Amino acid sequence: MEKRTKHPQDTTEQAAFRAEARAWLTARAPLWGDGDGWSTRTTHFDVAAEKAYMDRCRQWQRELYEGGWAAIDWPIDHGGRGGERWQQQIFQQEVARFDVTSGFLAAGIALAGPAIGHFGTEEQKVRHLGPMLRGDMVWCQLFSEPGAGSDLANLSTRAEPDGDEFVVNGQKVWNSSAHLSDWGILLARTNPDAPKHKGITFFLLDMTTPGVEPRPIRTINGSAHFNEVFLNEVRIPTENVVGEVNGGWSVARLVLANESTMIGGGLGRADSTANLIELARRWGKIREPMVRQELARAYTREKLLDVMGRRLQESLRRGRQPDLDGSVLKVYWSESRRDRGNLGVGMLGGFGVAGDHEDTKVWGNEALNRFWGSIGGGTDEVHRNNMAERVLDLPPEPRVDKHVPWKEQVGG
Ligand SMILES: Cc1cc2nc3c(=O)[nH]c(=O)nc-3n(C[C@H](O)[C@H](O)[C@H](O)COP(=O)(O)OP(=O)(O)OC[C@H]3O[C@@H](n4cnc5c(N)ncnc54)[C@H](O)[C@@H]3O)c2cc1C
């Protein structure tokens with residue numbers, strides 16, 4: 001495992017921050033490879049194991065919070081450190097070298113946190129941001145529906161006002177860890193007479209509210225990470241609306257932008273090619289020309305992802321809008337993840353899909369899971385559309401339903 005402390009492109013200030021972060025981490029956690037590997041064993045086959053994993057993630061989140069590293073670039077009065085975005089990026093690079101994770105809590109913080117921080121009331125910030133960062137509240141995302149995924153604004157879960165509450169009825173789907181979450185960010189339609197983007201409201205939902213029913217969905221690898229969430233006469237206080245009633249699409253856009261950058265920029269382990277090389281050695285493939293070419297490709301992709309992450313970091317350090325579109329990073333990352341699964345399982349031959357070897361469990365699962373990154377957080381096709389419009393300035397897709405009341409649309 002690499003032990004150097006300075007990155008070649010760090011400024012003096014960045015190198016000092018990196019050294020401080022690394023010293024704190026070294027005092028508390030084993031380097032990845034020296035620990036028991038729990039942080040990358042993210043797939044669980046029963047709820048008890050999943051819950052135990054979540055508890056370990058909560059514990060690490062609490063340590064981060066107490067050490068002042070849970071949200072480096074958030075304001076101090078929201079539980080953060082009042083630091084800079086580039087510091088957050090450096091800390092992410094460093095923590096990826098250690099056998100620790102906040103797991104799904106990190107996703108909740110990255111998605112719900114900025115939405116509340118940016119659009120929430122003072123009361124919402126005080127009530128939710130600190131407990132979220134301390135690991136006391138796990139948050140899930142209740143956006144997708146059977147008829148609204150890529151076309152999210154077509155969602156049909158209804159929220160109708162009733163005194164100082166809204167009454168919600170509908171169904172969500174593919175909601176990661178909703179069965180283990182304390183709170184959820186929810187999109188629901190509050191005005192069906194308005195065009196689809198203009199009649200949606202963003203809510204904070206206490207998952208213990210009567211009428212909220214998460215039903216885990218078992219997927220091909222045997223785990224049940226996702227849920228359908230049924231909402232039946234669920235009462236949400238008006239004080240849990242984030243932003244304006246019917247103005248929820250602006251809040252959702254912030255969440256979706258953060259989601260693709262989070263997935264593309266934050267989930268890769270620095271040593272992922274090192275794992276593949278180790279696997280090639282173990283299975284006697286290290287001299288095979290095709291395997292070597294693929295390993296070189298994986299390494300190149302890993303380095304390019306690192307360079308893109310740094311480019312993003314540099315823009316942030318200079319206080320500029322990032323000059324790299326989040327969709328570019330997300331698609332490049334999802335392709336890399338898919339190739340990595342193919343390569344790992346391919347090296348194992350028949351053992352990649354059958355047998356009870358430890359590598360079969362890890363890489364067989366990786367192969368089954370290899371497409372999630374091309375769908376979750378927006379599909380590759382949708383991100384390519386984004387790139388066409390935002391980066392290449394190509395003509396936009398036709399949007400014939402943009403000004404039509406939602407209830408007059410097909411499926412509305
Ligand atoms: C691992 C994972 C975790 C997830 N977690 C959550 C979660 O926590 N909360 C939540 O709410 N949702 C979650 N999702 C759901 C996810 O957001 C949706 O699956 C995704 O937005 C795609 O929607 P869909 O599945 O309805 O597919 P569809 O939108 O029906 O797409 C089907 C196919 O059509 C293509 N397509 C659609 N529109 C276009 C277009 N305009 N141009 C070209 N091609 C198009 C798509 O690319 C895709 O190939 C998760 C999904 C995954 C895989």
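1. Leaving out residues up to four places away in sequence, Leu64 touches Trp24, Trp69, Ala70, Phe91 and Ser102, where contact means heavy atoms within 4.5 Å. Leu64 is found in helix 2, helices here being DSSP runs of H or I with at least four residues and strands being runs of E with at least two, both numbered from the N terminus. Because its relative accessibility is 7%, Leu64 counts as buried; buried means under 20% relative accessible area, exposed over 50% and partly exposed in between, with a 1.4 Å probe and protein chains only. From C-alpha to C-alpha, Leu64 and Arg134 lie 8.0 Å apart in space, although 70 residues separate them in sequence.

2. On provenance, this is a predicted model, in which local features need pLDDT of at least 70 and side-chain atom pairs count only at pLDDT 80 or more, while totals for chains, interfaces and linings use all residues. Residues are numbered from 1 along each chain as its sequence is written, and side-chain values use heavy atoms, with hydrogens and water left out.

3. Turning to the overall fold, the protein chain has eleven helices and eight strands. The radius of gyration is 22 Å, close to the 22 Å that the globule rule gives for 412 residues, so the chain is as compact as a globular protein of that length; the radius is taken over C-alpha atoms, and the rule is 2.2 Å times the number of residues to the power 0.38. Along the principal axes, the C-alpha atoms fill a box of roughly 65 × 50 × 45 Å. Buried residues account for 48% of the 412 residues, and among contacts between residues at least 6 apart in sequence, 72% join residues at least 24 apart.

4. The axes of helix 1 (residues 12–28) and helix 3 (residues 85–95) come within 9 Å and cross at roughly 45°, which means that helix 1 is oblique to helix 3. Axes are lines fitted to C-alpha atoms, for helices over the stretch in contact, and angles run from 0 to 180 degrees between N-to-C directions; angles under 35 degrees count as roughly parallel, over 145 as roughly antiparallel, 65 to 115 as roughly perpendicular and the rest as oblique. The crossing of helix 1 and helix 3 is right-handed, a crossing being right-handed if the near helix is turned clockwise from the far one by less than a right angle, and left-handed if anticlockwise. Helix 1 contributes Glu13, Gln14, Phe17, Arg18, Ala21, Arg22, Trp24 and Leu25 to the contact, and helix 3 contributes Trp86, Gln87, Ile90, Phe91, Gln93, Glu94 and Val95. By class, the residues of this contact are eight nonpolar, three polar and four charged, where Ala, Val, Leu, Ile, Met, Phe, Trp, Tyr, Cys and Pro count as nonpolar, Asp, Glu, Lys and Arg as charged, and the others, Gly among them, as polar.

5. Helix 9 and helix 11 (residues 380–391) pack at an angle of about 145°, with their axes 9 Å apart, and helix 9 passes helix 11 in a left-handed crossing. From helix 9, Ser327, Val328, Lys330, Val331, Ser334 and Glu335 meet Asp380, His383, Arg384, Asn386, Met387 and Arg390 of helix 11. The contact of helix 9 with helix 11 has three nonpolar, four polar and five charged residues.

6. In helix 10 (residues 358–368), the buried residues are Asp359, Thr360, Trp363, Gly364, Asn365, Glu366 and Ala367. Helix 7 (272–282) and helix 9 (326–348) are included in what covers them.

7. His128 has its place in helix 5 (residues 122–134) and counts as buried because its relative accessibility is 1%. Neighbours within four places in sequence aside, His128 is in contact with Ile116, Met137, Trp139, Trp183 and Leu204.

8. Three loop residues may be worth a look. Pro75, in the loop between helix 2 (47–67) and helix 3, is partly exposed at 41% relative accessibility and touches Gly80 and Gly82, not counting residues up to four places away in sequence. Ser177 has phi near 55°, a positive value in a residue other than glycine; Ser177 sits in the loop between strand 3 (165–173) and strand 4 (183–189) and is buried at 4% relative accessibility. Asn246, which is not a glycine, has a positive phi of about 70°; Asn246 lies in the loop between strand 8 (241–242) and helix 6 (248–266) and is partly exposed at 26% relative accessibility.
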